[in-house]
Amino acid sequence: MTGRILAIDYGRRRVGLAISDPTGTIATGLETLLVKSIPDAVKQIAALHEEWEYELVIVGLPLKTSGEPGPMAEEVQTFVEQLETACGVPVRTIDERFSSAEATRILHQTGKHIKGNKGDVDRLAAELILRQYLDSVPGAMDGHDS
């Protein structure tokens, strides 16, 4: 099975997005959504389904360095449940430890200023989450396993 995969770096104010190509080999950052609540984020992401025709959604799950769920993990799980219902496609989580820190590091290395451009960090974090998923799952779309 082939199809696009949408990756999400969820935050209370900003939601970074990235999408794969239909073969699941290239990760491309999309816009960063400005959101007011979980229902608002779900509504905006569900509205993108028609345009991008994604068949699977991967959401970064904030874990502590110990591997235990972080303080935002419960909120992300609520978001995941609502998103799966709204979009009608499988929504999976993946460990996102260090994705935002890595995105910040990469942007600093390329000379980008982070202040005032936090959306760039969220978008790149979503790309890193998607790349991690694509690299970790052979035939990423085969059976939607994660």
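Which strands does helix H1 lie across, and at what angle does H1 run to S3? In this predicted model, H1 lies across S1, S2, S3 and S4, and its direction makes about 135 degrees with S3. Residues are numbered from 1 along each chain as its sequence is written, and side-chain values use heavy atoms, with hydrogens and water left out.

**Figure 1. Overall architecture and confidence of the chain.** The chain contains five helices and five strands, in the order β-β-β-α-α-β-α-β-α-α from the N terminus. Helices (H or I, at least four residues) and strands (E, at least two) are DSSP runs, numbered from the N terminus. The mean pLDDT (the predictor's confidence in each residue, from 0 to 100) is 83, and 77% of the residues score at least 70. Among contacts between residues at least 6 apart in sequence, 61% join residues at least 24 apart.

**Figure 2. The five-stranded sheet.** The strands form an open sheet in the order S3-S2-S1-S4-S5, with mixed pairing; two strands pair if DSSP finds at least two bridges between them. S3 and strand S5 (91–95) are the edge strands, each pairing on one side only. From one strand to the next, the twist averages 25 degrees. Axes are lines fitted to C-alpha atoms, for helices over the stretch in contact, and angles run from 0 to 180 degrees between N-to-C directions. H3 lies across S1, S4 and S5, at about 170 degrees to S4.

**Figure 3. Strand S1 and its two partners.** Five of the six residues of S1 (residues 4–9) are buried, so this strand is largely enclosed by the rest of the structure. Buried means under 20% relative accessible area, exposed over 50%, and partly exposed in between (1.4 Å probe, protein chains only). S1 pairs with strand S4 (residues 54–61) in the parallel sense over five bridges, and Ala7 has Ile58 as its bridge partner in S4. With strand S2 (residues 14–20), S1 runs antiparallel and is joined by four bridges; here the partner of Asp9 is Gly16. The hairpin connecting S1 to S2 passes through four residues.

**Figure 4. Nonpolar cores around Phe79.** A nonpolar core is a set of buried Ala, Val, Leu, Ile, Met, Phe, Trp, Tyr and Cys residues joined through side-chain atoms within 4.5 Å. The largest core has 28 residues, of which Ile8, Ile45 and Phe79 touch the most other members. Two or more residues come from each of S1, S2, strand S3 (27–34), H1, S4 and helix H3 (73–87). H3 gives the largest share of this core, six residues. Not counting residues up to four places away in sequence, Phe79 touches Ile8, Tyr10, Ile38, Ala41, Val42, Ile45 and Val59. Apart from this core lies another, of 13 residues, among them Ile5, Ala18, Ala27 and Ile58. In soluble globular proteins, nonpolar side chains tend to be buried together.

**Figure 5. Leu34 in strand S3.** Leu34 is placed in strand S3 and counts as exposed because its relative accessibility is 64%. Beyond residues up to four places away in sequence, Leu34 touches Arg13, Arg14, Asp40 and Gln44. Gln44 is ten residues from Leu34 along the chain, and their C-alpha atoms are separated by 9.3 Å.

**Figure 6. Asp135 in helix H5.** Asp135 belongs to helix H5 (residues 118–136) and, at 57% relative accessibility, counts as exposed. Asp135 and Gly24 are 111 residues apart in sequence, with a C-alpha to C-alpha distance of 9.7 Å. Of the 146 residues of the chain, 47% count as buried.

Terms used. This is a predicted model: local features need pLDDT of at least 70, side-chain atom pairs count only at pLDDT 80 or more; totals for chains, interfaces and linings use all residues. Contact means heavy atoms within 4.5 Å.
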